[in-house]
Amino acid sequence: MTTTTRAWPRRERQSWTWIACVVVVALACWSVLGLDARWGRLPSAPADLYTVGRLMVTNLTWNDLETCVEAMWDSIAIAWVGTLVAAVVAVPLAFVAAENLVPRWLAFGIRQILNVLRAIPEIILVMAFIPIFGLTPTAGILAIGIGSIGTLAKLCAESIEGVDAGPIEAADATGATRVQRLRWAVIPQSMPEIASFVLYRFEINIRVSTILGAVGAGGIGQVVDDALTTAVPRDWGLAGLALIIVVLATVVVDFISGAVRRRILAGPTGVTRVIDEPAIVAELMT
Amino acid sequence: MRATSGEPATATVNVRPTRPRLGWFGPAVTAGLVAFTVVTIWDWNYGTGFSIREIFSVIGQKNPVIEAIGETDFGQLVSPRSRKKFVETLRLAVLGTVSGSAVALPLALISTRIGAPNRAARIAARTISNVVRALPDIVWAMLFVAAVGSGALPGLLALFLFTIAVVTKLTADTLDGIDTGPVEAAKASGARHAQMLRAAQVPQILPAYASYVLYAFELNLRSSAVLGIVGAGGIGERLENFRQFQQWDRLWAIVVMFIVVVFVVDRLSTLLRRKLG
């Protein structure tokens, strides 16, 4: 009996795919049937959104430009200081959460704490902080800071785990102490990536700080919320102006921060184009 | 010493690597960031006046919000109204993710060079994704509340739109980096465009796409908890209520429950993602 070679590769068993599809469809059905969304409004939704957009554009006035720009600056400042608070805590934590530097149980334990921190949305944090700190930027800063620690520390730890072991061995071979090994073998390798993570998280945190205003934490979100929900009648022009400022500011900050990040990762002689790794972008957003 | 060792002369060059020169970039960026930090932290008109001392002094004081953590009212978790809203949050997250991701896959395919020979369609798809992502999902929820009134529908629409944008962007970026071999092979064997997509592109990105869908679900779960604050459905309505009436013991119960759910979902989806990739 000679074994005949098949001309085409055997199709992989796809039972897992099918199970996943069935679960997703079942979940979707459960959601559609149970959701009390008053679906009758759905067909007119695109037209309604268009009307909102038109109202915002036609009522646009530039009188409040200064208010909006100042509020946007507040949001950016809150996002930056919050990111710094997160970085100051997260980067040292990352070294204790990296499996190649500390015992496995310690790294695992710290990872679980980070995962819990990741689970708390910033808006909920700010809801708790406003009664404690009052309507100050501090409430927003702490919410963003604590909300970013988990993600930042986790990614930085993974970056540290990915460093080349060669320099670490070399440092050990020369009799380096623990601190010297960190200073000369680990930090030089992981610092560019860590710095770029911090900057990227800042870009994400600007979006977060723009919405913190929805619960009264100040910044540009407060302007939008006041114009759309508090003001009677709604101040469409102000909301439109504020949204234009938000879009412009995020685009500009993304551009600058993105350029710096790419330069950091590519190095002074870097000729390779650095593309944002989609998986890391997704991880940073959550 | 080296002369007597008999080694060839080339071995005597300095083997220590030269220290990289300090260019203009590092100092310039550092100076810029330091200036930015000083301006934003400083206690003046354009700064936040952030001080760690203030934080510790406030935390040291007695505070009803912090004290309420000790007396969290877990009875709230079985109250019918909270439970109903919690389930609504889950449903919003599921529906927003499923519907948004379904639209995002074809949109991602037409927003890349090999996926769409049509330049106009490509640019349109990219532009939509970029514009939608420029505003946070909660802002979209505010706009939809203004457009169609409050309730679960504006929340769902906001999640739907934002999921499309995020998953499209991530999937398109992945598509840009795929192996073009199978694409060429498909073309060489005479495949039509749709056949090429089906046989050469989709299978390559499906695992990545599935993991982005899981990420989107996590994002949406977090967002759907706060949609209610702007009147767009879900548990956020209850949170906003408890906050307004200062029922912190109840608020903490919901928050704890929510953290547990997100934690479990996060672990599950990490596990699934490992299986995928």
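This is a predicted model: local features need pLDDT of at least 70, side-chain atom pairs count only at pLDDT 80 or more; totals for chains, interfaces and linings use all residues.
**Entry 1. The interface between the chains**

I began with the contact between chain A and chain B. Chain A contributes 73 residues to this contact, and chain B contributes 72 residues. I recorded a buried area of about 6600 Å² between the two chains, with 77% of it given by carbon and sulfur atoms. I then asked which three residues supply more than any others of the area that chain A buries against chain B. They are Leu35(A), Trp73(A) and Met127(A), which together supply 9% of that area.

**Entry 2. H4 and H6 of chain A**

I turned next to pairs of helices. Two packed helices are described by the angle between their axes and the distance between the axes. I looked up helix H4 (residues 104–118) of chain A, which packs with H6(A) at an angle of about 140°, the axes being 7 Å apart. H4(A) is therefore oblique to H6(A). The crossing of H4(A) past H6(A) is left-handed. On the side of H4(A), I listed Arg111(A), Leu114(A), Asn115(A), Leu117(A) and Arg118(A). They meet residues of H6(A), among them Ile146(A), Gly150(A), Lys154(A) and Glu161(A). Sorted by class, this contact of H4(A) with H6(A) has 6 nonpolar, 3 polar and 5 charged residues.

**Entry 3. Lys154 of chain A**

I followed one residue of that contact further. Lys154(A) lies in helix H6 (residues 137–161) of chain A. Is Lys154(A) buried or exposed? Its relative accessible area is 8%, and buried means under 20%, so Lys154(A) is buried. I then listed the contacts of Lys154(A), leaving aside neighbours within four places in sequence: Leu114(A), Asn115(A), Arg118(A) and Glu283(A). Of these, Leu114(A), Asn115(A) and Arg118(A) belong to the H4(A) side of the contact in the previous entry.

**Entry 4. H5 and H6 of chain A**

I examined a further partner of H6(A). Helix H5 (residues 122–133) of chain A packs with H6(A) at about 145°, and their axes are 8 Å apart. H5(A) passes H6(A) in a right-handed crossing. From H5(A), the contact includes Leu125(A), Val126(A), Phe129(A) and Phe133(A). From H6(A), it includes Ala139(A), Leu142(A), Ile144(A) and Ser148(A). I noted 10 nonpolar, 4 polar and 1 charged residues in the contact of H5(A) with H6(A).

**Entry 5. H8 and H11 of chain A**

H8(A) passes H11(A) in a right-handed crossing. Which residues make the contact? H8(A) provides Phe197(A), Tyr200(A), Arg201(A) and Ile204(A), while H11(A) provides Ile280(A), Val281(A), Leu284(A) and Met285(A). By class, I found 7 nonpolar, no polar and 1 charged residues in this contact of H8(A) with H11(A).

**Entry 6. The buried residues of H9 of chain A**

I listed the buried residues of helix H9 (residues 220–230) of chain A, among them Ile220(A), Val223(A), Asp225(A) and Leu228(A). The buried residues of H9(A) pack against helices H3, H8 and H10 of chain A, together with helix H7 (137–148) of chain B.

Ala141(B) has its place in helix H7 of chain B. Ala141(B) counts as buried, at 0% relative accessibility. Beyond residues up to four places away in sequence, Ala141(B) touches Pro154(B), Ala158(B), Leu227(B), Val230(B) and Ala232(B).

I then looked up Ala121(B), which lies in helix H6 (residues 119–134) of chain B. Ala121(B) is partly exposed, with a relative accessible area of 25%. Its C-alpha atom is separated by 7.1 Å from that of Ser111(B), 10 residues apart along the chain.

**Entry 7. Backbone features in loops**

Most residues other than glycine have a negative phi, and most peptide bonds are trans. I looked for departures from this. Arg38(A) has a positive phi, near 50°, and lies in the loop between H1 and H2 of chain A. Gln246(B) has a positive phi as well, near 55°, and lies in the loop between H11 and H12 of chain B. I noted Gln246(B) as exposed, with a relative accessible area of 56%. The peptide bond from Val232(A) to Pro233(A) is cis, with omega near -10°. Pro233(A) lies in the loop between H9 and H10 of chain A.

Terms used:
Residues are numbered from 1 along each chain as its sequence is written. Chains are lettered from A and ligands numbered from 1 in the order in which they are written. Side-chain values use heavy atoms; hydrogens and water are left out. A crossing is left-handed if the near helix is turned anticlockwise from the far one by less than a right angle, and right-handed if clockwise. Helices (H or I, at least four residues) and strands (E, at least two) are DSSP runs, numbered from the N terminus. Contact means heavy atoms within 4.5 Å. Ala, Val, Leu, Ile, Met, Phe, Trp, Tyr, Cys and Pro count as nonpolar, Asp, Glu, Lys and Arg as charged, and the others, Gly among them, as polar. Buried means under 20% relative accessible area, exposed over 50%, partly exposed in between (1.4 Å probe, protein chains only). Buried area is the accessible area (1.4 Å probe) that two parts lose on being put together, summed over both. Axes are lines fitted to C-alpha atoms, for helices over the stretch in contact, and angles run from 0 to 180 degrees between N-to-C directions. Angles under 35 degrees count as roughly parallel, over 145 as roughly antiparallel, 65 to 115 as roughly perpendicular and the rest as oblique.
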